[in-house]
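Try each task yourself before reading its solution.

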Amino acid sequence: ITNKHNKALGDAARPGVPFMIGATVAVLLALYAPITQAGWNPARDFGPRLVAAMAGWGEVAIPGPRGGFWIYIVGPCLGAPLGAALAELLLWQRRPANRS
């Protein structure tokens, strides 16, 4: 939505972009919070795990129930740059201008 090469919204000032981002986050939280406690931010997930591990909680803290540590730490750290690179390479390729 925010990429300057995205022409889906036209050349308007894009007043709906903040609403769309907020609506996306709200819907995803409503869907995934009961399953994951909405721990999408690796920093907010890792800090409490680290403190719990140092307090003696052992494997309950790291790797956590059902191995959740890797999902919340490695997933976003690898997925965000990979997704951005794929978007730049596949979606926003510069096409040569039409010359007649």
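**Exercise 1. Describe the surface of the protein.**

Start with the area: the protein exposes about 8000 Å², and carbon and sulfur atoms supply 68% of it (Shrake-Rupley method, 1.4 Å probe; for residues, only the protein chains shown count as cover). Next, burial: 15% of the 100 residues count as buried (under 20% relative accessible area; exposed is over 50%, partly exposed in between).

Before going on, note that this is a predicted model, in which local features need pLDDT of at least 70, side-chain atom pairs count only at pLDDT 80 or more, and totals for chains, interfaces and linings use all residues. Residues are numbered from 1 along each chain as its sequence is written, and side-chain values use heavy atoms, leaving out hydrogens and water.

**Exercise 2. Judge the confidence.**

The mean pLDDT (the predictor's confidence in each residue, from 0 to 100) is 77, with 72% of residues reaching 70 or more. By element, confidence is lowest in helix H1 (residues 17–36), at a mean of 81, and highest in H3, at 83.

**Exercise 3. List the elements and check the span of H2.**

The protein has three helices and zero strands (DSSP runs numbered from the N terminus: helices are H or I, at least four residues; strands are E, at least two). Helix H2 covers residues 42–54, 13 residues in total. After H2 comes Gly56, with a positive phi near 100°.

**Exercise 4. Is Leu82 buried or exposed?**

Leu82 belongs to helix H3 (residues 68–91). Its relative accessible area is 51%, so Leu82 is exposed.

Methods: Buried means under 20% relative accessible area, exposed over 50%, partly exposed in between (1.4 Å probe, protein chains only). The expected span of a helix is 1.5 Å times one less than its number of residues.
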